[in-house]
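Work through the exercises below with the model open. Try each task before reading its solution.

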Amino acid sequence: MNQEVDKHFSPKRLLSRFLCREMLYDFVSNNLDPSRRTAVSEFVQTDFETQQELENLREGLSYCSRLGETRI
């Protein structure tokens, strides 16, 4: 039986907590390819510590953004 291999198919990427955390900034700034973005999103949904780290990152980025708006 001759089957063609779909070259556009990429297997689901499984992440460790370490790899997911390494990609959080790129996740927040939309700098990940779709399969990595999906993998990070799925991992975050299942890992409370990473959820907290993502929330802290978002809060930190928001704070930094507001600092640029501060007038003295």
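**Exercise 1: the fold**

The chain has four helices and zero strands, where helices (H or I, at least four residues) and strands (E, at least two) are DSSP runs numbered from the N terminus. This is a predicted model: local features need pLDDT of at least 70, side-chain atom pairs count only at pLDDT 80 or more, and totals for chains, interfaces and linings use all residues. Residues are numbered from 1 along each chain as its sequence is written, and side-chain values use heavy atoms, with hydrogens and water left out.

Task: state the order of the elements and the buried share of the chain.

Solution. From the N terminus, the order is α-α-α-α. Of the 72 residues, 18% count as buried (under 20% relative accessible area; exposed is over 50%, partly exposed in between; 1.4 Å probe, protein chains only).

**Exercise 2: two helices**

Task: describe how helix α3 (residues 34-46) and helix α4 (residues 48-67) cross.

Solution. Step one: take the axes, which are lines fitted to C-alpha atoms over the stretch in contact, with angles from 0 to 180 degrees between N-to-C directions. They come within 6 Å and cross at roughly 115 degrees. Step two: classify. α3 and α4 are therefore roughly perpendicular (65 to 115 degrees; under 35 is roughly parallel, over 145 roughly antiparallel, the rest oblique). Step three: list the contact (heavy atoms within 4.5 Å). α3 supplies Phe 43, Val 44, Gln 45 and Thr 46; α4 supplies Phe 48, Thr 50, Gln 51 and Leu 54.

**Exercise 3: a charge and a ring**

Task: which ring lies under the charged end of Arg 37?

Solution. The ring is that of Phe 27, and the charged end sits 4.3 Å from its centre. The criterion is NZ of Lys or CZ of Arg within 6 Å of the ring centre and within 35 degrees of the ring normal.
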